[in-house]
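Hello,

Here is the protein I promised to pass on to you. Have a look at it first, and then read on for what turned up.

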Amino acid sequence: MQSAISTLFQKEVNSSFHKISLLNNIPKQGVDLMQSVIKRLKMDKMFDTSQLLQFITFLVNCCKEDEDRLIALTWQKDSANYIYAHPVNVCIYSLSIGCKLSFTDKQLTYLGMAALLHDVGEIKLPERMRGKAAKFTESELSAMRQHPKLGYELLKRFPYIHEDVLMGVLHHHERIDGSGYPSGHIGRFIHPLGKIIAVAEIFDAMTSDRHSATSIPATDVLKVIYSKSGKHYEPEVVNALITITGMYPVGSLVRLNGGQLAVVLKKNMADLSKPEVLVITDTNAQPIAQYTVNLLGDKYNRQIMYAENASQLKIDTNKYLQSFIAIPKKKT
Ligand SMILES: [Fe+2]
């Protein structure tokens with residue numbers, strides 16, 4: 001019998017993107033899907049690949065229709081379920097990068113599958129290591145570095161998993177200067193899907209609160225990733241990520257030159273430093289009736305001074321994105 005998720009996505013795979021309730025449910029349904037996949041793998045049983053394929057196809061359609069709105073969903077961080085929510089976000093970023101790099105639908109399917117499954121090898125690590133807040137010991141670190149290989153071996157037993165998916169899983173921690181793991185391959189020996197997942201994975205991990213670290217503002221994370229472009233990460237992939245997120249990714253908290261705080265809603269391709277923002281405070285940091293400003297061509301010449309750390313200021317930017325996500329985009 002088909003599950004609710006399967007039925008839902010089968011009906012909607014080729015339908016219009018303007019199914020806002022479906023869109024809003026993506027993070028929750030992605031977590032449910034990953035929970036069922038991990039549960040099956042822990043029992044050494046094959047999971048239902050058709051459910052994953054339907055979910056990925058739906059994400060690809062969303063990405064092609066309105067990338068910003070899809071990316072906005074990744075800011076609904078689910079720290080309590082990080083192990084399941086993280087692969088969903090990695091999948092969204094990976095697919096967005098794949099679209100930017102003009103991947104075919106088949107390539108996007110393999111990429112999405114590899115992104116969702118990239119860390120399944122962790123279930124083969126000792127229980128005490130999963131969710132460990134303290135630093136790993138030397139022996140734990142070397143065990144952890146085997147998780148891409150463990151994932152590859154776990155999945156290759158299943159004939160339905162394509163070789164490209166396996167290689168994406170195996171190579172997602174390799175770095176193009178050879179400093180990655182488990183094999184220390186240099187760039188030309190790293191599978192393209194591994195290179196994309198590497199960038200998507202680090203961006204979501206560093207912008208999330210997780211057991212081992214607190215989140216860092218997305219703009220600062222982009223700077224870190226950019227500084228390692230050509231060393232750790234494939235420049236073409238890094239550039240694609242920055243094109244997708246803009247200099248100030250959707251959901252970023254920023255300080256305007258007048259002192260107001262604002263949340264980034266939408267990038268402007270014509271100038272990635274001047275997105276559309278939702279102003280949430282006055283110049284004295286007092287809450288106000290919020291209003292949107294398109295900084296590109298703003299008649300008052302409002303500009304972003306710098307990115308703020310929303311966690312430190314205890315501001316949940318996600319709640320400001322809800323109304324943005326919920327407004328259907330008009331077809332032009
Ligand atoms: Fe990993």
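To get you started: how many bridges join strand 2 to strand 3, and do the two run parallel or antiparallel? There are 4 bridges between strand 2 (residues 261-266) and strand 3 (residues 276-281), and the strands run antiparallel.

An open sheet of 5 strands is arranged in the order 4-3-2-1-5, with antiparallel pairing. Strand 4 (287-294) and strand 5 (304-307) are its edge strands, each pairing on one side only. On average, neighbouring strands of this sheet are turned by 35° against each other, direction ignored.

Next, the helices. Helix 9 (residues 147-156) packs with helix 10 at an angle of about 160°, and their axes are 8 Å apart. Because the angle is over 145°, helix 9 counts as roughly antiparallel to helix 10. Their crossing is right-handed. Helix 9 brings P148, K149, G151, Y152, L155 and K156 to the contact, while helix 10 brings L166, V169 and L170. By class, that contact has 6 nonpolar, 1 polar and 2 charged residues.

One thing to keep in mind is that this is a predicted model. The chain averages a pLDDT of 87, and 89% of the residues score at least 70.

Enjoy exploring!

Key: Residues numbered from 1 in each chain as written. Predicted model: local features only at pLDDT ≥ 70, side-chain atom pairs only at ≥ 80, totals over all residues. pLDDT = per-residue confidence, 0-100. Pairing = 2+ DSSP bridges. Axes fitted to C-alpha atoms, helices over the stretch in contact; angles between N-to-C directions. Parallel < 35°, antiparallel > 145°, perpendicular 65-115°, else oblique. Left-handed = near helix turned anticlockwise from the far one by under 90°. Contact = placed C-beta atoms within 7 Å. Nonpolar A, V, L, I, M, F, W, Y, C, P; charged D, E, K, R; others polar.
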